[in-house]
Amino acid sequence: MSPISYVAKEIVKIIIDALGATIDSGGMRLYAQEVIRSWKDTENDDILIVVGGAWIRGAFRDLDYVITRAVPNDNVVGRSLGQLLVVAHAFWRNRADAVLSLSPIVTPFVPRRARHCVVHDWRHLKNPGEFPASRRLYRWLWRASVSWAGQVSVISEKTLGEIAGFVTEGTCICGREWA
């Protein structure tokens with residue numbers, strides 16, 4: 001079973017929220033592709049239902065364990081609504097076991113134990129001038145999401161330090177031990 005497969009059953013359905021990875025996002029898109037493509041590197045029978053921009057249709061066509069649901073994610077409003085509402089709808093409609101958002105925003109409309117998000121970089125807190133108002137508003141949603149997530153994965157020790165003040169009691173923070 002995969003690390004997120006906390007349910008004791010043979011086949012686990014996981015909604016992968018890849019809406020934060022837009023077609024032009026570069027690093028986020030590559031990250032999403034690598035996570036999804038490497039999912040079967042561990043022995044599991046998981047089914048991944050990937051919710052993302054139109055690019056996901058072609059990107060995962062060859063993977064028999066992936067079902068794609070394309071949603072417009074070209075602008076901040078569409079991406080935010082998709083991450084909050086469409087992902088929740090996919091969870092309930094597919095009777096999924098968990099939501100793994102590959103970005104810091106995870107829907108609050110599924111049970112907390114099923115909510116998992118990944119935090120990459122919070123430079124907008126130190127350098128807000130680098131970001132237009134719409135992106136700052138979108139990233140404000142990151143703070144709220146981290147507080148309502150059931151589990152948060154961080155990609156670095158620096159990121160762990162940056163989110164420490166935003167995580168609420170009862171949230172599991174996942175990451176490797178840094179030297």
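Predicted model: local features only at pLDDT ≥ 70, side-chain atom pairs only at ≥ 80, totals over all residues.
**Stop 1**

Select residues 76-93, which make up helix α3. How far apart should the ends of these 18 residues be? At 1.5 Å a residue they should span 26 Å, and the end C-alpha atoms sit 25 Å apart, so the two values agree.

Next, go to the start of the helix and show the side chain of N75. One of its side-chain oxygens comes to within 3.1 Å of the backbone nitrogen of V77.

**Stop 1: the hidden side of α3**

Which residues of α3 are buried? Colour V76, R79, S80, G82, Q83, L84, V87, A88, A90 and F91. While you turn the helix, here's a handy rule: an α-helix has 3.6 residues a turn, so residues three or four places apart point the same way.

What lies over those buried residues? Bring in β1 (13-17), β2 (47-52), β4 (98-101) and α5 (133-148), which are among the elements covering them.

**Stop 3**

R95 isn't a glycine, yet its phi is positive, at about 50 degrees. Is R95 buried or exposed? Its relative accessibility is 73%, above the 50% cut-off, so R95 counts as exposed.

**Stop 2: strand β4**

Carry on into β4 and show its side chains. A98 and L100 point one way, V99 and S101 point the other way, and all of them are buried.

Now look at the neighbours of β4. On one side is β1, which runs parallel to β4 and is joined to it by four bridges. Select I15 and you'll find its bridge partner V99 in β4; D17 stands opposite S101.

Then select residues 115-119, strand β5, which pairs with β4 in the parallel sense over three bridges. Here the pair to pick out is L100 and its bridge partner H116 in β5.

**Stop 3: across to β2**

Go back to β1 and look for its pairing with β2: five bridges, again in the parallel sense. I14 has L48 in β2 as its bridge partner. How many of the six residues of β2 are buried? Five are, so this strand is mostly covered.

**Stop 6**

**Stop 4: α5**

Finish with α5, one of the elements covering the buried residues of α3. Its 16 residues should span 22 Å at 1.5 Å a residue, and the end C-alpha atoms are 23 Å apart, which agrees. Colour Y138, R139, L141, W142, A144, S145 and V146 to see the buried residues of α5.

Note on methods. Residues numbered from 1 in each chain as written. Heavy atoms only, no water. Helix = DSSP H or I, 4+ residues; strand = E, 2+ residues; numbered from the N terminus. Expected span 1.5 Å × (residues − 1). Buried < 20%, exposed > 50% of the residue type's maximum accessible area, 1.4 Å probe, protein only. Contact = heavy atoms within 4.5 Å. Polar contact = N/O pair within 3.5 Å; in protein donor to acceptor, adjacent residues only side chain to side chain. Pairing = 2+ DSSP bridges.
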